[in-house]
Amino acid sequence: MTTGVGFGEQEVAVTALEEERSVAARAMRGLGRFIRQKKVGALGLGMALIFLVLGAAGPHITPYDKDETFSNANPNYERGSTDPEKISPTTLLRLAGPSWEHPLGTDDKGRDLLTRVLVGARRALYFGFASAAMATVLGAIIGVASGYFGGLVDLVLQRLVDAMIAIPGLIFLLLLIQIGEVTLFRVILALSILGSFGAARVVRSAALSTRNEVYVEAARVVGASHLRIVARHLLPNIAAPIIVIFSISIGTAILAEAGLSFLNLGAPGPSWGKMVAQGRLTFDSQPVMSIVGGGAITFTVAAFNLLGDAMRDVLDPRQRGT
């Protein structure tokens, strides 16, 4: 009997292992098909992965601290002099060009530019993913409730969405941020609230087309609760547009945060938007800071937008085969 039980457990383990391998194989085949069919989307995926790796590991592999300043010997130094240019034996290494010690040079305060870019990458991705996730969840809740229940619920929620969309985005962000002290959470909350209204519109459209399907009507007939119908039948069938909304919202949130930092209204800390704002003051003599900050913003936003467009084509049944 003991041998039989052990043999049965071994068969179960082998079956589970085979299922895991088949799932992994299907995932790899799906990824390969995505790369072959959507080359631009695959490029966006590769760029997004690079920025994710840089954001996660970059601050740990750089030899400098984000606020560490560097100096060099002052050739004009004179002991006992009262001249501001001669009083100190060292001067800040401001706006230095690329070198082995500083591959991208230094900024206007003598800090390593590469370190600031890598730390800013983590900040940008943190803002992007957190804001996109909150905006997508909030927009999905509003859109599902509006599309599924309809009637007065739909009327009230959609008029609220219309009113909020009518407010210019930048003004709305400034109002939310200026209520109190500017913190990371306050900026993320402002970006998520702003992004949730557009997401609600898209999710509502998907929910309206799904709530009248036969399987939803069958669930109502057998007495399933609203929560069960939404969780088991509605959400799984509108997951595709929600995923696309999330992927595209990442780039939008990163761009919005960079805009706030450019206006010096963002949260404290290294930011690509601040680098562009500081670099524009010395663009004629040292354009590296603006080019690096602006290039990082451009390529990151482009990566997630390209990936989102490709995912929309793959997940939308109407786009398959075109």
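**Exercises on ring pairs and helix packing**

Y126 is partly exposed, with a relative accessible area of 48%; buried denotes under 20% relative accessible area, exposed over 50%, and partly exposed the range in between (1.4 Å probe, protein chains only). The model is predicted: local features need pLDDT of at least 70 and side-chain atom pairs count only at pLDDT 80 or more, whereas totals for chains, interfaces and linings use all residues. Residues are numbered from 1 along each chain as its sequence is written, and side-chain values use heavy atoms, with hydrogens and water left out.

**Exercise 1.** Determine how many aromatic pairs there are, and classify the pair formed by Y126 and F127.

*Solution.* 
1. Rings of Phe, Tyr and Trp (its six-membered ring) pair if their centres lie within 6.5 Å; planes under 30 degrees apart are stacked, over 60 edge-to-face, and the rest tilted.
2. Under this rule, the count is 6 aromatic pairs.
3. Y126 and F127 are 6.2 Å apart centre to centre with 75° between the planes, an edge-to-face pair.
4. F127 has 1% relative accessibility and counts as buried.
5. For Y148 and F149, the ring centres are 5.0 Å apart and the planes stand at 80°, so this pair is edge-to-face.
6. Y148 is buried at 4% relative accessibility, while F149, at 45%, is partly exposed.
7. Ring pairs also join F129, F246 and F304 into a cluster.

**Exercise 2.** Describe how α3 and α11 are arranged, and state which residues meet.

*Solution.* 
1. Helices (H or I, at least four residues) and strands (E, at least two) are DSSP runs, numbered from the N terminus.
2. Axes are lines fitted to C-alpha atoms, for helices over the stretch in contact, with angles from 0 to 180 degrees between N-to-C directions.
3. The axes of α3 and α11 come within 11 Å and cross at roughly 30°.
4. α3 is therefore roughly parallel to α11; the class covers angles under 35 degrees, with over 145 roughly antiparallel, 65 to 115 roughly perpendicular and the rest oblique.
5. L113, V117, L125 and F129 of α3 meet V288, M289, V292, T300 and F304 of α11, contact being heavy atoms within 4.5 Å.

**Exercise 3.** Explain why helix α10 is largely enclosed by the rest of the structure.

*Solution.* 
1. Because 6 of the 8 residues of α10 (residues 272–279) are buried, the helix is largely enclosed.
2. The buried residues are W272, G273, K274, M275, A277 and G279.
3. They pack against α2 (39–61), α3 (113–149), α9 (239–262) and α11 (288–315).
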